[in-house]
Amino acid sequence: MTYDSDNIFAKILRGEIPCHRVYEDEQTLVFMDIMPRADGHMLVIPKTPCRNLLDADAAQLAAVMMTAQKVANVAMGVFAADGVTVQQFNEAAGGQEVFHLHFHILPRRTGDALRPPGIMADPDMLAEQAARLRAAVTAA
Ligand code: AMP
């Protein structure tokens, strides 16, 4: 399997389509999932190309996991969460739809179920959540 540089996250990285940015450093970018399954649902991606866990190199994985830990801790506070679910899918048979490595960060409240997939969020709500997360990650 080869990397397709026309995937939607590659376009976000090139600035060709917008996203609600939460955090970035040299190696990683975090933005809001447009079809969130929980309040504060974020995606953490490497800035360099790889399809998923199967072809990522050690540096990409290390960078993405460190960023995932950082924003997961921030999301616990911002969303008064009791826990965080991390999801990651590999190839179509594994549930992957966008073929640029990404980790889902899902803040969870005790007893709350994840919302069904495929429901677009209100962009104003995503912008507001991203702003709260950005402020908290800067202060962390
Ligand atoms: P999966 O590859 O199965 O992990 O799913 C891809 C995820 O990307 C889904 O949760 C989508 O809601 C999300 N997604 C797709 N397009 C965008 C986009 N333009 N901006 C933010 N999230 C997206």
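**Close-up 1. Lining of the second largest pocket in the predicted model, divided by residue class.** In this predicted model, the lining of the second largest pocket has 6 nonpolar and 6 charged residues, with no polar residue among them. The residues that line this pocket are R37, A38, D39, F79, A81, P107, R108, R109, D112, A113, L114 and R115. The volume of the second largest pocket comes to about 210 Å³.

**Close-up 2. The largest pocket and the residues around its centre.** With a volume of about 630 Å³, the largest pocket is lined by 25 residues, and of these D33, M35, E97, V98 and H104 lie nearest its centre. Two elements give two or more residues to this lining, namely α1 (8-13) and β2 (28-32), and α1 gives the most, with 3 residues. When the lining residues of the largest pocket are divided by class, 14 are nonpolar, 8 are polar and 3 are charged.

**Close-up 3. Salt bridges around R14.** The structure as a whole holds 7 salt bridges, and two that involve R14 are described in this view. In one of them R14 pairs with D6, where the closest N and O atoms are 4.0 Å apart, and in the other R14 pairs with E16, where the closest N and O atoms are 2.7 Å apart. R14 counts as partly exposed because its relative accessibility is 42%, and E16 likewise counts as partly exposed, because its relative accessibility is 48%.

**Close-up 4. The salt bridge between E91 and R51.** E91 forms a salt bridge with R51, and the closest N and O atoms of this pair are 2.6 Å apart. The pair links distant parts of the chain, with E91 placed in the loop between β4 (83-87) and β5 (103-108) and R51 placed in the loop between β3 (42-46) and α2 (58-78), 40 residues apart. E91 has a relative accessibility of 15% and therefore counts as buried, since the cut-off for that class is under 20%. R51, at 9% relative accessibility, counts as buried by that cut-off too. Elsewhere in the structure, salt bridges that share partners join D6, R14 and E16 into one network.

**Close-up 5. A nonpolar patch on the surface, formed by I34, M35 and M120.** Together, the three residues I34, M35 and M120 have about 280 Å² of accessible area. M120 lies in the loop between β5 and α3 (123-139), and this residue counts as exposed because its relative accessibility of 55% is over the 50% cut-off. M35, another member of the patch, is also one of the residues that lie nearest the centre of the largest pocket.

**Close-up 6. M42 in strand β3.** M42 lies in strand β3 and has a relative accessible area of 0%, so this residue is buried. Along the chain M42 and A80 are 38 residues apart, and their C-alpha atoms are separated by 15 Å.

Technical notes: Residues numbered from 1 in each chain as written. Predicted model: local features only at pLDDT ≥ 70, side-chain atom pairs only at ≥ 80, totals over all residues. Heavy atoms only, no water. 1 Å grid on protein atoms, 1.4 Å probe; cavity = no way out; pocket = protein on both sides within 12 Å on 5 of 7 lines; lining within 4 Å. Points joined across faces, edges and corners; volume = space filled by probe spheres on them. Helix = DSSP H or I, 4+ residues; strand = E, 2+ residues; numbered from the N terminus. Nonpolar A, V, L, I, M, F, W, Y, C, P; charged D, E, K, R; others polar. Salt bridge = Lys/Arg side-chain N within 4 Å of Asp/Glu carboxyl O. Buried < 20%, exposed > 50% of the residue type's maximum accessible area, 1.4 Å probe, protein only. Patch = residues over 30% accessible without salt bridge, like charges linked within 9 Å, V, L, I, M, F, W, Y side chains within 5 Å. Areas by Shrake-Rupley, 256 points an atom, 1.4 Å probe, with all protein chains shown as cover.
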